[in-house]
Amino acid sequence: MSYVKGLAGIVAGQTKISSTDNQRLTYAGYPIEELAQKTFEEVVFLLWNTRLPDQDELLRFRNDLVSKMVLPAETIRLLSYIAREPQHPMSILRTTTSLLGTTNDVEHDEPPKILSKMLTAIAAIVRIRDDDPLIDLDPTLGVADNFLYMLTGKRPNAELSGMFNTVMILHADHEFNASTFTARVVSSTFSDYYSCLTAAVCALKGPLHGGANERVFEMLSIIVENEMDPLSFVAEQAHAKRKIMGFGHRIYKNGDPRAFILKEIAAKLAEETNNQKYFEIQQQLADYMLKNKQLHPNVDYYTALIYHCLGLKKETFTMIFAACRTAGWLAHVMEQRSQKCLIRPNSEYIGPKERHCVR
Ligand SMILES: CC(C)(COP(=O)(O)OP(=O)(O)OC[C@H]1O[C@@H](n2cnc3c(N)ncnc32)[C@H](O)[C@@H]1OP(=O)(O)O)[C@@H](O)C(=O)NCCC(=O)NCCS
């Protein structure tokens, strides 16, 4: 057995949930480009059952998820303290995910309840930190619309609803990415769902994974606020050998299929919300990166602008990613459990050998 840095190219397990084979993203065999037109709950059903629901099943599933988008009073009381802490929202979410596993029935809670509570908790964290009142679910809205409504206090119109469903769908799963693999490792020990999700949130937080979207907007803000020339900025960063957030991918070397769809949504929302300047800068940076580094934008690049256009603060961006990815994490946790196999690889020992303790 030989070591491969970062497990690049290593097949670490089997899954029926999603695939990036041939640099195409599919969920249970369906191309992401086709699924992007569906609703979030339809895709969650697909990820959890590896088949699309019929109309009755979809309605029941949607109603079940929406009806569960409530938190126990005790959780809200505790959240109102925790969420106000000065730590980064992803640190708050890490604690909150763990908290959900103590204020709820850990052993008996099932994925629909867990996903719904995660969405509601994330919206609550955003609103508590902004001193805004919490919003109760609207039973007439779907899951993604309710989540957006609970985040922003505004019911989305049909066009925004379609775009936000697409954003959530594109973030819902991505085979063995770092946070999902983390969740699967924890699941393989037969630990509970909340423990698996808490570990996944920890992995997603890092800037090389989900934390990149916040850094993308930070970069755009620096350029705008200091009236910098985007090309000089990026050339300087490249010269200093700093990574440009939102570019590159371990698997997609010819472009991230999600980024192509997200780019269109970002362009539309930027125009509607008078944020074109950010989109123009993004295009200049993307051209530079492709020409000079042969790197394409990834999922986090245009998402950053989309979330900004929705009125969200950059510190909360990775939490929105977590909300969407909870669907995929839960799918993988279930699949891993069913495989009944502890994930326990080997390491290559590179320290000194044949040492002995002398009395
Ligand atoms: C995602 C990522 C970790 C994948 O990386 P990877 O396949 O392991 O590739 P590496 O990080 O080893 O990078 C390979 C080379 O490309 C360069 N590179 C990769 N991404 C880069 C970026 N965003 N900006 C500048 N250079 C980059 C590296 O510096 C390295 O160059 P070198 O060979 O001269 O040292 C990497 O592209 C990255 O850090 N991107 C920025 C963070 C980000 O957007 N993350 C979200 C991913 S969806």
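Let's start at an opening in the protein: the second largest pocket has a volume of about 570 Å³. A pocket here is an open set of points on a 1 Å grid over the protein atoms alone, with protein on both sides within 12 Å along at least five of seven lines. Its volume is the space filled by probe spheres set on the points, with grid points joined across faces, edges and corners. Before going further, note that this is a predicted model, in which local features need pLDDT of at least 70 and side-chain atom pairs count only at pLDDT 80 or more, while totals for chains, interfaces and linings use all residues. Residues are numbered from 1 along each chain as its sequence is written, and side-chain values use heavy atoms, with hydrogens and water left out.

Which residues line the second largest pocket? There are 24 of them, and M1, L7, I10, P345 and N346 lie nearest its centre; a lining residue has an atom within 4 Å of a point. By class, the lining has 14 nonpolar, seven polar and three charged residues, where Ala, Val, Leu, Ile, Met, Phe, Trp, Tyr, Cys and Pro count as nonpolar, Asp, Glu, Lys and Arg as charged, and the others, Gly among them, as polar. Helices α9 (178–187) and α16 (317–339) each supply at least two lining residues, and the largest share, three residues, comes from α9. Helices are DSSP runs (H or I, at least four residues), numbered from the N terminus.

Now step back to the domains. The assignment, automatic or from a database, gives domain 1 (18–207 + 315–339) and domain 2 (212–309). Their C-alpha centres lie 25 Å apart, and 24 residues of domain 1 are in contact (heavy atoms within 4.5 Å) with 26 residues of domain 2.

What lies between the two domains? The largest nonpolar core has 112 residues, and those with the most contacts inside it are Y27, F40, L47, L93, F147, L285 and I306. The largest share of this core, 12 residues, comes from α16. Both domain 1 and domain 2 give residues to this core, so it lies between them. Such a core is a set of buried Ala, Val, Leu, Ile, Met, Phe, Trp, Tyr and Cys residues joined through side-chain atoms within 4.5 Å; buried means under 20% relative accessible area, exposed over 50%, and partly exposed in between (1.4 Å probe, protein chains only).

Leaving aside neighbours within four places in sequence, L47 is in contact with I17, Y27, A172, D173, A327, G328 and A331.

P111 is found in α6 (residues 111–129) and has a relative accessible area of 3%. Not counting residues up to four places away in sequence, P111 touches W48, Y193, L330 and M334. T97, in α5 (residues 89–103), is buried with a relative accessible area of 0%. Beyond its neighbours within four places in sequence, T97 is in contact with M118, Y194, L197, T198 and V201.

Finally, turn to two loops. N274 lies between α13 (257–272) and α14 (276–293), with a positive phi near 60° in a residue other than glycine. N274 is exposed, at 61% relative accessible area. Q294, in the loop between α14 and α15 (299–309), has a positive phi of about 55° although it is not a glycine. Q294 is exposed, with a relative accessible area of 53%.

Key: On a 1 Å grid over the protein atoms alone, a cavity is a set of points where a 1.4 Å probe fits but cannot get out, and a pocket is an open set with protein on both sides within 12 Å along at least five of seven lines; lining residues have an atom within 4 Å of a point.
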